[in-house]
Amino acid sequence: MTTSFEVTLILSGMLVAGYAVAALFFLSFRRDTGDRLFGFFALAFALLALQRLALAWALVTQRNTTIYYVLRLTAFVLILVAIVDKNRNAKSGGA
């Protein structure tokens, strides 16, 4: 019988893998198109994978997890910056 702690770690591992795959896909799109939006998204998803990995490690070692949410906030702010940057370039005639 698995405990809720073990399930949490399994789900965290699945999220890390999913975020890492998304980051690699966006990195591939960046390489193919040269669009900065995909680079920002790749970095944001890499940060989300790192955050989830650090959070799982903090849960195992029973440390305070509050600071790890700064990484998640940084990733979401990076996504917002990417969207604003893309819209600014689109209005000025850029790609």
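**Entry 1: aspartate 35.** I looked up aspartate 35 in this predicted model and found a relative accessible area of 17%. Because buried means under 20%, I recorded aspartate 35 as buried. Aspartate 35 forms a salt bridge with lysine 86, and their closest N and O atoms are 2.7 Å apart. I noted that aspartate 35 lies in the loop between helix 1 and helix 2, whereas lysine 86 belongs to helix 3, 51 residues apart. Lysine 86 is partly exposed, at 24% relative accessible area.

**Entry 2: arginine 36.** I then examined arginine 36, which forms a salt bridge with aspartate 85; here the closest N and O atoms are 2.5 Å apart. This pair joins helix 2 to helix 3 across 49 residues. Arginine 36 is partly exposed at 43% relative accessibility, while aspartate 85 is buried at 17%. My count of salt bridges came to two.

**Entry 3: helix 2 and helix 3.** I looked up how the axes of helix 2 (residues 36-60) and helix 3 (residues 69-91) are placed: they come within 8 Å and cross at roughly 170 degrees. Helix 2 is therefore roughly antiparallel to helix 3. The residues of this contact comprise 17 nonpolar, three polar and five charged.

**Entry 4: aromatic rings.** I counted seven aromatic pairs. In one of them, the ring centres of phenylalanine 26 and phenylalanine 38 are 6.2 Å apart and the planes stand at 20 degrees, so I recorded the pair as stacked. Phenylalanine 26 is in helix 1 (residues 4-33) and phenylalanine 38 in helix 2, twelve residues apart. Phenylalanine 26 is buried, with 18% relative accessible area. Ring pairs link a cluster that includes Tyr19, Phe26, Phe38 and Phe45.

Conventions
Residues numbered from 1 in each chain as written. Predicted model: local features only at pLDDT ≥ 70, side-chain atom pairs only at ≥ 80, totals over all residues. Heavy atoms only, no water. Axes fitted to C-alpha atoms, helices over the stretch in contact; angles between N-to-C directions. Helix = DSSP H or I, 4+ residues; strand = E, 2+ residues; numbered from the N terminus. Parallel < 35°, antiparallel > 145°, perpendicular 65-115°, else oblique. Nonpolar A, V, L, I, M, F, W, Y, C, P; charged D, E, K, R; others polar. Phe/Tyr/Trp six-rings, centres within 6.5 Å; stacked < 30°, edge-to-face > 60°. Buried < 20%, exposed > 50% of the residue type's maximum accessible area, 1.4 Å probe, protein only. Salt bridge = Lys/Arg side-chain N within 4 Å of Asp/Glu carboxyl O.
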